[in-house]
Amino acid sequence: PTGVGKTLSTVFPGLKAMGEGHVDKLFYLTAKTITRSVAEETFSILRSHDMYLKSVTITAKEKLCFLDAPSCNPEDCPYAKGHYDRVNDAVYEVIHREFGITREILLQYAKEFQVCPFEFGLDVSNWVDAIICDYNYVFDPNVRLKRYFSEGVSGEYLFLVDEAHNLVSRGREMYSASLIKEDILLVKRILKSRSRKIAGLLERANKQLLEMKRASETYVIHDNINGFAALVQSLYGELERFMEENRQFEDREMVLDFYFQVRDFLMVFERMDEAYQIYSELLPDGRFFLKLFCMNPANHLQECMKKGQSTVFFSATLLPVLYYKELLSGNLEDYAVYVQSPFPQENRLLLIGGDVSSRYTRRNVKEYEKVADYIEKMVMGKQGNYMVFFPSYQYLKEVEEVWKGRVEEKGFCVSWISQGSRMVEEEKEQFLHLFEEEREESFVAFCVMGGIFSEGIDLKEDRLIGAAIVGTGLPMVCTEQDILKNYFDEKQHKGFDYAYQYPGMNKVMQAAGRVIRTMEDRGVILLLDDRFLRKEYQALFPREWNSYQAVNRENVAEAISNFWVTASP
């Protein structure tokens, strides 16, 4: 369960195994930057209790580069020029002075020694006991750390996969690939005066995609694209030769990006198995693409896990566990443990609003008013900090408009903020810092379910005393979800559950998990959708949700008031 110390309870036995000689190096893998600080803090706690442990956090090159736009050309970057002359001294100094080598420490030493911070971090990783990094550096065939995981290379590694529920969708992304018809035409225009042969191959590829486009009103599943793949293979060979021979020309970066897309497409095509579907789709904006879509990434993930000794997947939301076993490891016999929540149930009030719905057919001003009613009554129940999670940015904005008008009309004292659609790291930190401030009035944060603030953040005690979750978190109906549904239906699974219900409830439980983080925490969880009263949804509730109250807008205020009276210390 959230808040019980999953990180420490996996890291500690991992390091114990290392001390007993079973493991040489520990990889702590995360889906989001914000959760890496939890791992860093855990290692710091262990060091404060005399654990001799060195760790490094590997961050994406784009987030470390001192230049405005990353360029590894020594003529463009003073840190790349002479990097190898200075990097050994930098590595020697940092590993003899530091134990927890964070992003900030890497940047500090990289600037002092005038070396590339990203390459410097990779070199440091050779000399530490634990590496904190994104999933990509172990599982993504294009990004994985070749010094540890290239062909024929493996080691005595332990992989700890945090928030492991995220690896299903991330795995699908890593092992899928696509080509866009309009990109082919763009590259053809750039290269037609430079290489007639490549331009001819691009035109043939465009014509084949055009034939597919004419047969497609929305999307089409393809059984066989061997002819197109053979053409793309020829194109790749010519592009590779051309890029080697032509180091500088106008729009080279665009062509290089396309070259990598072609390479990825062929690499995925060669590794395809029965867990794939090939489909083409005409998008609303007129673009047309062909995609190799990985629906079950388990086989590919398993290949990566075999590079090490053992893997531990952990999360507050790995329910139902057989679903995650099938899509993460592929082995239904893998050992699993469900940890009961130690938090007193009387410290948490779970309410289900039965007179409101977030169904697409019911998204109108009347429903937005109902949601605003619930938010108002939750916030007015006790002064404090609250979060409200919405199914989309659009829904958030609609309710925010209603909420703003209501606050102005009634004049009640409350402050609020809304999550932005593309927040940078500094904005995220400022957003979370607002929960630290002392206020006279209540504070409400409007957020998106499944977004950066619905998991991996730790707002303990009075920093958060309630959360409302609007809707069941179902992914938006789209081509890929439809393909997933049909694929799992054919495999005698419940396609709707695999494509929609399980991922949706996962987001709900993650958002709700922000509220109770310690034994002393008290808070309200408000589920706003009548579907939560149905058996198929309640079957997916965690065990600690076995007691709830069904409420409506008439009696919810009383239920919340009664809770705070009895919950007060």
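Visitor: Contact here means heavy atoms within 4.5 Å, so which residues does Asp134 touch, not counting residues up to four places away in sequence?

Guide: Asp134 touches Leu29, Thr30, Ala31, Arg36 and Arg170. Keep in mind that this is a predicted model, where local features need pLDDT of at least 70 and side-chain atom pairs count only at pLDDT 80 or more, while totals for chains, interfaces and linings use all residues. Residues are numbered from 1 along each chain as its sequence is written, and side-chain values use heavy atoms, with hydrogens and water left out.

Visitor: Okay, where does Asp134 lie?

Guide: Asp134 is part of strand S4, residues 130-134. Strands (E, at least two residues) and helices (H or I, at least four) are DSSP runs, numbered from the N terminus.

Visitor: And is Asp134 buried or exposed?

Guide: Asp134 counts as buried because its relative accessibility is 8%. The cut-offs are under 20% relative accessible area for buried and over 50% for exposed, with partly exposed in between, using a 1.4 Å probe and protein chains only.

Visitor: Which side chain makes a polar contact with the side chain of Asp134?

Guide: That is Arg170, at 2.4 Å. The Asp134 side chain also has a polar atom 2.8 Å from the backbone nitrogen of Asn136. A polar contact is a pair of N or O atoms within 3.5 Å; within protein, one must be able to donate a hydrogen and the other to accept it, and residues adjacent in sequence count only if both atoms are side-chain atoms.

Visitor: Let's jump to the largest nonpolar core. Which residues touch the most other members?

Guide: Phe27, Phe120, Val124, Phe139, Met387 and Leu527 do, out of 135 residues in that core. Helix H20 (residues 495-512) gives the core its largest share, nine residues. There is another core apart from it, with 37 residues, including Val414 and Ile465. A nonpolar core is a set of buried Ala, Val, Leu, Ile, Met, Phe, Trp, Tyr and Cys residues joined through side-chain atoms within 4.5 Å.

Visitor: What is Phe27 in contact with, leaving aside its neighbours within four places in sequence?

Guide: Quite a list: Ile131, Cys133, Val138, Leu145, Tyr148, Phe149, Tyr157, Leu158, Phe159 and Leu160.

Visitor: Rings next. How many aromatic pairs does the count come to?

Guide: The count is 37 aromatic pairs. Rings of Phe, Tyr and Trp (its six-membered ring) pair if their centres lie within 6.5 Å; planes under 30 degrees apart count as stacked, over 60 as edge-to-face and the rest as tilted. One of the pairs is Tyr219 with Tyr279, edge-to-face, at 6.3 Å centre to centre and 80° between the planes. That pair links distant parts of the chain, with Tyr219 in strand S7 (residues 219-222) and Tyr279 in strand S8 (residues 276-282), 60 residues apart.

Visitor: Which of those is buried? Start with Tyr279: buried or exposed?

Guide: Tyr279 is buried, at 1% relative accessibility, and Tyr219 is partly exposed, at 23%.

Visitor: What do ring pairs link into a cluster?

Guide: Tyr368, Phe390, Tyr395, Trp403, Phe412, Trp416 and Phe446.

Visitor: New topic: where is Ser357 found?

Guide: Ser357 is in the loop between strand S11 (348-353) and helix H16 (365-381). At 1% relative accessibility, Ser357 is buried. Its side chain joins that of Arg359 through a polar contact of 3.0 Å.

Visitor: Last one. Which residues does a cis peptide bond join?

Guide: Leu319 and Pro320, with omega about -10°. Pro320 sits in the loop between strand S10 (310-313) and helix H15 (321-329). On the backbone side there is also Glu163, which has a positive phi of about 45° although it is not a glycine. Most residues other than glycine have a negative phi, and most peptide bonds are trans.

Notes: Contact = heavy atoms within 4.5 Å.
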